[in-house]
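Visitor: I would like to learn how to read a protein model feature by feature. Could you take me through this one, giving the general idea before each case?

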Amino acid sequence: MLKKADAVVLLHSGLVNGCSRLGLESDKLRVIPPGIDVESFSTTTSRGDLKAAFGVADEEKIVIIVGRLSPVKSQEDALRVVHMLTNLGQKVRLFVVGDGQLKDFLVDLARRLNVPTQFTGWLDAQDLLALY
C-alpha cells in the first residue's frame with residue numbers, strides 16, 4: 001500500500017532508512033519535525049533536586065497532566081488511574097498543571113479518592129520544563 005502512495009509522511013528523520021529498506025522511494029518520503037522543541041525538555045537539574053523542590057519523596061513517581069481543566073482533557077481519568085495505581089501499592093504523585101472550569105471538581109475528587117495531587121495552576125515555561 002505504501003509503495004503506491006504519492007508521499008509518505010514521517011515524524012522523525014530516523015525512520016527514513018527503515019522505509020528505504022522496505023523499498024519505498026526516497027523522493028516520496030517527507031519528514032515533518034515535531035511541533036515542539038524536544039531539546040528544550042532536556043535539563044541539567046537532577047531529578048532528585050526537582051523532587052525535593054516540589055516536596056516529592058525519592059520513591060514517588062511523578063505523573064504530569066498539562067492543559068485547560070475541562071471535560072475534553074480527561075483530567076478526571078488521570079486522577080482515577082493514579083488512584084488505581086496507589087491502590088496497587090505504587091507510590092505516585094499527580095501534578096495537574098493548568099486551570100479551568102473543572103478545578104473545584106477535580107480538587108474535590110482528588111481529596112475524596114485520597115490521590116496525592118498537586119494543582120499548580122498555569123506554570124511559566126521554565127517551571128513547566130523543570131517538572132518534565
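Visitor: In which helix does Gln75 lie?

Guide: Helices (H or I, at least four residues) and strands (E, at least two) are DSSP runs, numbered from the N terminus. On that reading, Gln75 lies in helix α3. Please keep in mind that this is a predicted model, in which local features need pLDDT of at least 70, side-chain atom pairs count only at pLDDT 80 or more, and totals for chains, interfaces and linings use all residues. Residues are numbered from 1 along each chain as its sequence is written, and side-chain values use heavy atoms, with hydrogens and water left out.

Visitor: Is Gln75 buried or exposed, and which residues does Gln75 touch?

Guide: A residue is called buried under 20% relative accessible area, exposed over 50%, and partly exposed in between (1.4 Å probe, protein chains only). Gln75 has a relative accessible area of 3%, so it counts as buried. Contact means heavy atoms within 4.5 Å; once residues up to four places away in sequence are set aside, Gln75 touches Ile65, Gly67, Arg68, Leu69, Ser70, Val96 and Leu106.

Visitor: What pattern does the protein chain follow along the sequence?

Guide: The protein chain has five helices and five strands, and reading along the sequence gives the pattern β-α-β-α-β-α-β-α-β-α.

Visitor: How many residues does the largest nonpolar core have?

Guide: A nonpolar core is a set of buried Ala, Val, Leu, Ile, Met, Phe, Trp, Tyr and Cys residues joined through side-chain atoms within 4.5 Å. Here the largest one has 14 residues, and Leu79 and Leu94 are those with the most contacts inside it. The elements α3, β4 and α4 each give two or more residues to this core, the largest share, four residues, coming from α4. Leu79, leaving aside neighbours within four places in sequence, is in contact with Leu94, Leu106, Leu109, Ala110, Leu113, Val115 and Thr117. A second, separate core has six residues, including Ala5, Val8, Leu24 and Leu29.

Visitor: Which residues have a positive phi although they are not glycine?

Guide: Among them is Ser74, with a phi of about 65°; Ser74 lies in the loop between β3 (61-66) and α3 and is partly exposed, with a relative accessible area of 32%. Asn114 is another case, with phi near 60°, and it is found in the loop between α4 (103-113) and β5 (117-121), where its relative accessible area of 62% means that Asn114 is exposed.

Visitor: Where is Lys91 found, and what is Lys91 in contact with?

Guide: Lys91 is found in the loop between α3 (75-87) and β4 (92-97), and with a relative accessible area of 47% it is partly exposed. Beyond its neighbours within four places in sequence, Lys91 is in contact with Glu59, Glu60 and Lys61. Lys91 and Val115 are 24 residues apart in sequence, and their C-alpha atoms are 10 Å apart in space.

Visitor: What radius of gyration does the protein chain have?

Guide: The radius of gyration is taken over C-alpha atoms, and the globule rule is 2.2 Å times the number of residues to the power 0.38. A compact globule of 132 residues would come near 14 Å, but the protein chain has 20 Å. Its C-alpha trace spans about 55 × 35 × 30 Å along the principal axes, and 28% of the 132 residues count as buried.
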